[in-house]
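Student: I would like to go through the contacts in this model, interface by interface and then within single chains. Can we start once the structure is up?

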Protein chains: 4
Amino acid sequence: MIRVGIAGVTGYTGVELVRLLRRHPEVEVRVGTSEHYQGQPPDRVYPHLQGEAEFPIVALEPGAFAGCDAVFLALPHGVAGRLAPALVEQGIRVIDLGADFRLRDPAAYQAWYRQEPPAPDWLRRAVYGLPELFREQIRGAQLVANPGCYPTACTLAAAPLIVHDLVDRRSLIFDAKSGVSGAGRGLSLGVHFAEVNENFKAYNIAGAHRHTPEIEQNLTALAGEPVTVTFTPHLVPMTRGILVTAYFQLKEPASATQLLDLYRTFYAGEPFVRIRPEGDLPQTKQVWGSNYCDIGLAVDRRTGRAVVVAAIDNLVKGAAGQAVQNLNLLWGLPETLGLEGLPVYP
Amino acid sequence: MIRVGIAGVTGYTGVELVRLLRRHPEVEVRVGTSEHYQGQPPDRVYPHLQGEAEFPIVALEPGAFAGCDAVFLALPHGVAGRLAPALVEQGIRVIDLGADFRLRDPAAYQAWYRQEPPAPDWLRRAVYGLPELFREQIRGAQLVANPGCYPTACTLAAAPLIVHDLVDRRSLIFDAKSGVSGAGRGLSLGVHFAEVNENFKAYNIAGAHRHTPEIEQNLTALAGEPVTVTFTPHLVPMTRGILVTAYFQLKEPASATQLLDLYRTFYAGEPFVRIRPEGDLPQTKQVWGSNYCDIGLAVDRRTGRAVVVAAIDNLVKGAAGQAVQNLNLLWGLPETLGLEGLPVYP
Amino acid sequence: MIRVGIAGVTGYTGVELVRLLRRHPEVEVRVGTSEHYQGQPPDRVYPHLQGEAEFPIVALEPGAFAGCDAVFLALPHGVAGRLAPALVEQGIRVIDLGADFRLRDPAAYQAWYRQEPPAPDWLRRAVYGLPELFREQIRGAQLVANPGCYPTACTLAAAPLIVHDLVDRRSLIFDAKSGVSGAGRGLSLGVHFAEVNENFKAYNIAGAHRHTPEIEQNLTALAGEPVTVTFTPHLVPMTRGILVTAYFQLKEPASATQLLDLYRTFYAGEPFVRIRPEGDLPQTKQVWGSNYCDIGLAVDRRTGRAVVVAAIDNLVKGAAGQAVQNLNLLWGLPETLGLEGLPVYP
Amino acid sequence: MIRVGIAGVTGYTGVELVRLLRRHPEVEVRVGTSEHYQGQPPDRVYPHLQGEAEFPIVALEPGAFAGCDAVFLALPHGVAGRLAPALVEQGIRVIDLGADFRLRDPAAYQAWYRQEPPAPDWLRRAVYGLPELFREQIRGAQLVANPGCYPTACTLAAAPLIVHDLVDRRSLIFDAKSGVSGAGRGLSLGVHFAEVNENFKAYNIAGAHRHTPEIEQNLTALAGEPVTVTFTPHLVPMTRGILVTAYFQLKEPASATQLLDLYRTFYAGEPFVRIRPEGDLPQTKQVWGSNYCDIGLAVDRRTGRAVVVAAIDNLVKGAAGQAVQNLNLLWGLPETLGLEGLPVYP
């Protein structure tokens, strides 16, 4: 059994890890940490866990993870970066679900997060945990930077077109829509029910959202030359789900049939990427609660654009599920272990 | 492996059975039937099943279930009743998720459904499949009448008080609230998004809902004398979940502490009934996607009433999950097999 | 023009007053107060007001309402009670939308709010502002205690049966369901979108909610003898609306037809109470955004109970709309002025 | 008083016209038509209208609108086109809220609707009813083609940039999101609550939606040369509201400040277009129930794109409200008459 700790276990990402790991046959959650709920049993914080979670919740202190083989960090940026190196040096493998190790370039971190990267020397030691693109690097990693929710969907939607150099790289637009759980469990007017319900809005548009450089870093790596994108996040009045509508100017005319074949080949054998048949498009509810990334597309022949649509559950493939997938890779387990649950529909 | 068929597999109850059975280690779904979608692959009807369901969907014809050990019927009332006896006589065990075998008294069926019971001789051969109260009878059954969603929650909420004869039996009021999936996948203005969203209503009140006699039959059996209840269903603008608020006039004063002790003892060892600690009450989201029935209560000392609150997922403990629980009982398997998934929260 | 001030203008009740008064031909909003947003223009706090609100937002200080003829108080309990007497003594008519003047009995206030009533001498000088029952007293009032949202719906649902002495007074149960805006704009986990959406729960049950004594005070006044009730509030995943399902044990058998006649007669001429025809029941969406209270009922002959269902918009008839109705009464204006808007459907 | 008829009064557009016209001081609704509900009183079809609508609902027959000065057509395409010319010839002014007269080019109608235009000779006699751009033509019209919901928002979002020739005309992308009421009151799985709730999807993408040629016709008229666009509609789990996120490649660098000034000047004096201050963006809830179109924008300097966001209520500015605005223009009334209601927030 892999003994696991979860830092920030009472946030939505943390509690989703608890749900997934509870049914993972090779993992035992030994301890969680929380700033606000230390000392409380998990089911007092989350009554749905009654009878399903026995680990202690303790303060985030140096010895909190003694005896753990792996630790998931679901912490605010800045905090994870200060903690991770010490854990790795204790021989613990770390999967960070935050932003501190995602950007390779310290200057980019500084520019987008307006502070020094907390562990600049580790930026290049961390492996970016998007298994579909970087599986081999992940296997041997000690520190995995689990991708952001939006970058997961955007990168998987774009990768085949970028790798095959089919699109004008200055044309990329990602119009993304997310459920509210992506904003976490913290309190703000932005997650107040009466403000969000029966409402739809854009936020942090035109290059203001911190997931922008992460998407660009991924696509630049795939393209082999710099890629700059326009990324627009929106808030949907629902709890879970991300849908990305991505626009690409094609260099040469291509049909949806051709592009779908390309996508199917590119993702052949991937357990968690499903390509929709022509004429069908993914919907967030069709991946709800699961680790799937569903992708569909169409070609607008009148304008020469490919429109690619990708859907994930932001808390699963966009966070906790992908982290479990990475854990499985680190330990050489079947990648789907603990992630077999079907989407819950309706 | 238990070879299973699902009649009415494309309704919400049918597809929830598919979700649960997909991860059941002892069950293989061999065939489904559908009036509208016969001949189509399951993932054309429900794209979320892509890669997850290979069984054929055929017409509901006599030989449809040849080779099956068990069949779940998720059919309109009237239809199941005509089908079930023939299946049982072929040696197939049948779990009917509809209403045709729930009421023991043919006259009651006639009165509430305004038609002859389709298989009156079988009403007493069927076993009512509420495991927490009738586990032993279920084990040997050939035909299980899976309880209605509302009656499951109402009966479990009331049983300890009725069995221990603590309440005035003329005082029972069940004010119940259900998510929209309880109305099924059929089309009507009553499930039109724009009519339901941001709306709350009561329907079929004051003894008009067909679950009323089922609740009364259960409580009468527990009480040993006739029990009549007021049952009021409401529609909540959400997809899944039932919450029942039940009112009982206590014969003698009792504290919440005493009653909660009684409930904990009554349901001791039950894997799917969770009693909330004093001061806490269940919420539908805390059982979402799971087979749990959560129960909490308080006593209104000023009026001498116990107010009991029970929550289930109408598609799981209220339908497909309870049916799987019954299947496990029929085959002598651990009752929780295939039902281990935690509630999905948030 | 009546010059009006609104204390607590940036809460949901305050901003709903702004909406209604904006189209009131006899009212001008001169000033609002806010603890958090003083000095900001209204449309910075609420962008939907762009171009529609020019009044200043100031601190809640003694001279804030100089020059006003009337002031609405939409403040936390305790605060309004300390402010109102001074305003009245300046000759300003006050409509308090909070709880400080609703209960006549200082001991009741002390018991339910766990603090001294802030202005005990004024409890009997205030008039309870439910126009359908206390219209004449309101006309001459200087200080109006605007009813709570739940008590408005519960009292209007019960009044005809109580006044005509048709029901067992120990039998009254009010099972009430409210949209989330009733909890106000303050931040808490209880209004966090991801916790509320796709969830349904009861709270403060069994005599714990502070609206209980207000309902009892109203019904006791109508009955002429003490009435104690069981009141159970629930939270519905929607923004606006209250639906109350009220249970009454009838002293003598009566038909729905008879009781509906009684209700129609009782509320004859009331501009804001609509009695549904037999067989139909109100829904919250059918009063959404309007000042209507819709009432329907049925009789459960099997148990001898009348089940009465009432629906209001908690922010209109349950708060701001009723306050405007009271203002119209105070100034001898047509009671519907400013309140003519139809429900917004769907 | 203008005597008005509404064809298709029981659809969502029809009943929204009823709501708005009920408070219009110069209009009296004399008659409505309905295929399904003829002969019923309006409040049996829509109980929220109890006491608020007395007009008869009749069949859509030749003499249905005798005595009317104006008729609103809220009918399926094809039907309105056959009806409108006869009405105009009777001297009745017609505002068609459907698609039959929006496209000037009969071939375009044929191509997108796959049938002959029902009244090809009238395509150029009809005036396109977008007052902010075509006010003068509307004043004298006999037949107004009320714009589609999406084209209203897209065109208003783009007009200043197109008119001032600031953007690459091949770069236009409109990523649009709509609430469910835009799909009407008809029954389909696509509006089934359990399928839509907690779901987000794209549909009719890549040049498949029939509003595409309408947007292009408008922008082509403004540009003076052909404009082709990529238009992507999405379905949001909410009842009302459209948000359009529009992407434009700027010919020359420009700041948000400069562009916002341009927009403010372009729409100066418009009663229903509100430009958000820099740094703020519109949200659908901020126009909910009102005739406003709110617009905000930002510039992505890294990619040289302007990102413009526009929000409307699809049933008001996107349908019934704009139709009333057009009626006011036809009769020379203040354009805001009957449309003064503030957005309902929250």
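Student: What area do chain C and chain B bury between them?
Tutor: This is a predicted model, and the values are computed from it. The contact takes 50 residues from chain C and 50 residues from chain B. Carbon and sulfur atoms carry 54% of the buried area. The area that chain C and chain B bury is about 4000 Å².

Student: How many salt bridges does the rule find across the interface of chain C and chain B?
Tutor: A salt bridge here needs a side-chain nitrogen of Lys or Arg within 4 Å of a carboxyl oxygen of Asp or Glu. The side chains of D175(B) and K177(C) form a salt bridge, at 3.1 Å from N to O. Across the interface of chain C and chain B the count is four salt bridges.

Student: Which element gives the most to the side of chain C that touches chain B?
Tutor: Across this interface there are 42 residue pairs in polar contact. Elements of chain C that each supply at least two residues to that side include β8 (173-178), α8 (212-223) and β13 (293-300). With four residues, the element that gives the most is β8(C).

Student: How many residues on the side of chain C that touches chain B are charged?
Tutor: By class, that side has 24 nonpolar and 14 polar residues. The number of charged residues there is twelve.

Student: What area do chain C and chain D bury between them?
Tutor: Here 34 residues of chain C are in contact with 34 residues of chain D. Of the buried area, 57% lies on carbon and sulfur atoms. In chain C, H48(C), L342(C) and P346(C) lose the most area to chain D, together 24% of what that side buries. Chain C and chain D bury about 3000 Å².

Student: How many salt bridges are counted between chain C and chain D?
Tutor: The interface of chain C and chain D has 18 residue pairs in polar contact. Charged residues are present on the side of chain C that touches chain D, twelve of them beside 15 nonpolar and seven polar. The salt-bridge count between chain C and chain D is zero.

Student: Are α6(D) and α9(D) roughly parallel or roughly perpendicular to each other?
Tutor: Helix α6 (residues 149-163) and helix α9 (residues 256-266) of chain D pack with their axes 10 Å apart, at an angle of about 105°. Angles from 65 to 115 degrees count as roughly perpendicular. Therefore α6(D) and α9(D) are roughly perpendicular.

Student: Which class do the residues in the contact of α6(D) with α9(D) belong to?
Tutor: Among the residues in contact are L156(D) and P160(D) of α6(D), and Y263(D) and F266(D) of α9(D). The contact has no polar and no charged residues. The eleven residues are nonpolar.

Student: Which residue forms a salt bridge with E214(A)?
Tutor: E214(A) lies in helix α8 (residues 212-223) of chain A, and its partner sits in the loop between β5 (93-96) and α4 (106-113), 112 residues apart. The closest N and O atoms are 3.5 Å apart. The partner of E214(A) is R102(A).

Conventions
Residues are numbered from 1 along each chain as its sequence is written. Chains are lettered from A and ligands numbered from 1 in the order in which they are written. This is a predicted model: local features need pLDDT of at least 70, side-chain atom pairs count only at pLDDT 80 or more; totals for chains, interfaces and linings use all residues. Side-chain values use heavy atoms; hydrogens and water are left out. Axes are lines fitted to C-alpha atoms, for helices over the stretch in contact, and angles run from 0 to 180 degrees between N-to-C directions. Angles under 35 degrees count as roughly parallel, over 145 as roughly antiparallel, 65 to 115 as roughly perpendicular and the rest as oblique. Contact means heavy atoms within 4.5 Å. Ala, Val, Leu, Ile, Met, Phe, Trp, Tyr, Cys and Pro count as nonpolar, Asp, Glu, Lys and Arg as charged, and the others, Gly among them, as polar. Buried area is the accessible area (1.4 Å probe) that two parts lose on being put together, summed over both. A polar contact is a pair of N or O atoms within 3.5 Å; within protein, one must be able to donate a hydrogen and the other to accept it, and residues adjacent in sequence count only if both atoms are side-chain atoms.
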